[in-house]
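I am opening my notebook on this entry.

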Amino acid sequence: MSARVRLADIAQARSGDKGDLANVALFAPTDAMYEAFRREVTRDRVRQHFGRFVKGEVDRYEVPNVRALNFVLHQALDGGAARSLRSDPLGKSYGSLLLRMEIDVDEGELAGMGKDLGAPSGPKFGPAPHGADGRSPRP
Amino acid sequence: MATSDASTHDPVTSVRIGAGQGFYGDTADGAVDVARHGDVRYICFDALAELTMAILQKDRMRNPEGGYTRDLPVFMRRLLPLARESGIRLITNAGGMNPLGAAAAVRAVARELGMGDLRVGVVTGDDLTSRLDELTAAGAALRNADTGEAFETVRSRVVFAVAYLGAAPIVEALARGADVVVTGRVADASLFVAPMVHELGWTFDDYDRIAAGVVLGHLMECSGQATGGNYSGDWWNVPDLDRVGYPVCEMRADGSALLTKPAGTGGRVTVDTVKEQLLYEVLDPRSYLNPDVVADFTSVRLDDVAPDTVLVSGVRGAPRPQTLKLIAGYLDGWMGTAMLGYSWPDAEAKARRAAELIDRLAHRAGLEPLETLVEVVGIDSLHGDAAPPQDANEVTLRVAARFATEEEAARFPRVAMPLALNGPPFIGGAGGPGGPRALLGVWPAAIARELVEPGVTVDVRPAGAAS
């Protein structure tokens, strides 16, 4: 049995700029999901997903120590932050753009994700203001 | 503040360093909290980014006395008294395109505060703008590091060029007793590496430890982005981001470090918040290039070890790159922006019709943009082709156009103004003209160390002395 999940419901992401390059780091919540990301979130798919924003190639680097894939998007910032006509010249929202992607995973890969799918692996410490797991649900 | 006997001191086993600024425009509140509650010996301020260098160069072109961050005196007025009280030394790259001007501004604030004995160090030599012909004659090709294009394609339009320096000149300033060190384009992480080297007795061929310093510097250089800001996980549970605690690290001599934040502040420090910052603006994580080392970010181990405390360990490094990174900024036209807000029904369709009308109005006014970008804010400005169709309640049309001249860019928004009465119905909401704004392209390149490093100077002198 496979399921379709949206990255925004299971993953973290952050993006930034270097000249006309942007990077988008995508973080998986579990080892199994990291393997699913490696299989599903290919550089070709990311290139297609970003559409007109990316005029060059997309590189993908694996960062297993933090269960991340790091995507480098070439010619992706309209010439760079100080040259761009865009309202997001730094590509800060590219992380959320990637989180729109939906991927197919199997039930084994969904294991340990929690019932709402969305809760990232929580800290072992800190206050527990809401609920048994210390986190309130997504607003 | 530490008296000026710092040149001869024994290495310590650990040093606590705080982050005071993540960008030009950041609040000084974070640094004040670090100074008061962080128990630190150093606070490092990263004021620069590629975009910031372009902004500061525009300032310097308008006023030769400018070119450093204008809020530097504001930071110094708030931080210098606290720093003196607690024996904290301050390191900042807020000098931007004019570190000498910035150092003069710091000395002026110190004198104002009755601290004429404050020793201010300044690092210069990163600014290669006036040396470009000499450097290319000496063999620097300065090809675009991304595209391979020849430097000649932009040379005549270049308005600044800087090399990214490493930690060594700051270490020298600290060794000579500087209480405050002001630099230009020193690499962000190197601001933090310098006090580690100075205090812990590291040498620059100790690649793993220098790389550990680079990793911690990289984690801290964007202030609240490591401590809960911009966090993409359960952001709604992160407390009190209005007073987010800026990062504080306790770096040990062995290269392992605790990353935390001042007691009583907001935000969150966990593996989940920290790992996002680990890969921020990173290209190949196995090979993160810094002027002093190549750090392997895939070797970094992060562990939650206490509340709001992450242990960073295991970092491996390799010998530094042969070359230094250089960025040049070149003039690439002027931008003018027209914005109009539209409401339901058919908000997006109205905005797109208005964009067509603006295009025709500009043409009739004799304006021929080099390029035009149409965004419908609320629909597709951030996610482009991936944004789903929607029946938006309200949108803002934003038309940005690039021109060869400032005059055209200034005229462009005005051609859209008649649409307030003459265009599609139910206009309102956010809108208005923007620009003209100079556009600067950033040209990344590499340059041989021997063309840059002999020109680096370190000057340390008391605020009270003639400058």
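**Strand pairing in chain A**

I take two strands as paired if DSSP finds at least two bridges between them. Helices (H or I, at least four residues) and strands (E, at least two) are DSSP runs, numbered from the N terminus. Within this pair, Phe27(A) stands opposite Ala68(A) in E5(A).

I note that the model is predicted: local features need pLDDT of at least 70, side-chain atom pairs count only at pLDDT 80 or more, and totals for chains, interfaces and linings use all residues. Residues are numbered from 1 along each chain as its sequence is written, while chains are lettered from A and ligands numbered from 1 in the order in which they are written.

**Chain A overall**

I counted four helices and six strands in chain A. From the N terminus on, its elements run β-β-β-α-α-β-β-α-β-α. Of the 139 residues of chain A, 48% count as buried; buried means 20 or more other C-beta atoms within 10 Å of a residue's own, exposed 12 or fewer, and partly exposed in between, with C-beta atoms placed from the backbone.

**Where chain A meets chain B**

I find 49 residues of chain A in contact with 51 residues of chain B, where contact means that the C-beta atoms, placed from the backbone, lie within 7 Å. On the chain A side, the elements that give two or more residues are E2, E3, E4, E5 and helix H3 (94–99) of chain A. E2(A) gives the most, with six residues. By class, that side of chain A has 20 nonpolar, 17 polar and twelve charged residues. Ala, Val, Leu, Ile, Met, Phe, Trp, Tyr, Cys and Pro count as nonpolar, Asp, Glu, Lys and Arg as charged, and the others, Gly among them, as polar.

I checked helix H6 (residues 168–175) of chain B against helix H7 (residues 190–200) of chain B: their axes come within 8 Å and cross at roughly 50 degrees. Therefore H6(B) is oblique to H7(B). Angles under 35 degrees count as roughly parallel, over 145 as roughly antiparallel, 65 to 115 as roughly perpendicular and the rest as oblique. Axes are lines fitted to C-alpha atoms, for helices over the stretch in contact, and angles run from 0 to 180 degrees between N-to-C directions. The residues of this contact include Ile170(B) and Leu174(B) of H6(B) and Leu191(B) and His198(B) of H7(B). By class, the contact has eight nonpolar, one polar and no charged residues.

I went on to H7(B) and helix H8 (residues 207–220) of chain B, whose axes come within 8 Å and cross at roughly 135 degrees. H7(B) is therefore oblique to H8(B). Among the residues in contact are Phe192(B) and Met196(B) of H7(B) and Ile210(B) and Gly217(B) of H8(B).

**A hairpin in chain B**

I ended at strand E11 (residues 301–306) and strand E12 (residues 309–313) of chain B, which run antiparallel and are joined by five bridges. Arg301(B) stands opposite Ser313(B) in E12(B). The hairpin has two residues between the strands, and Asp308(B) takes a positive phi near 50 degrees.

How values were computed: Two residues are in contact if their C-beta atoms, placed from the backbone, lie within 7 Å.
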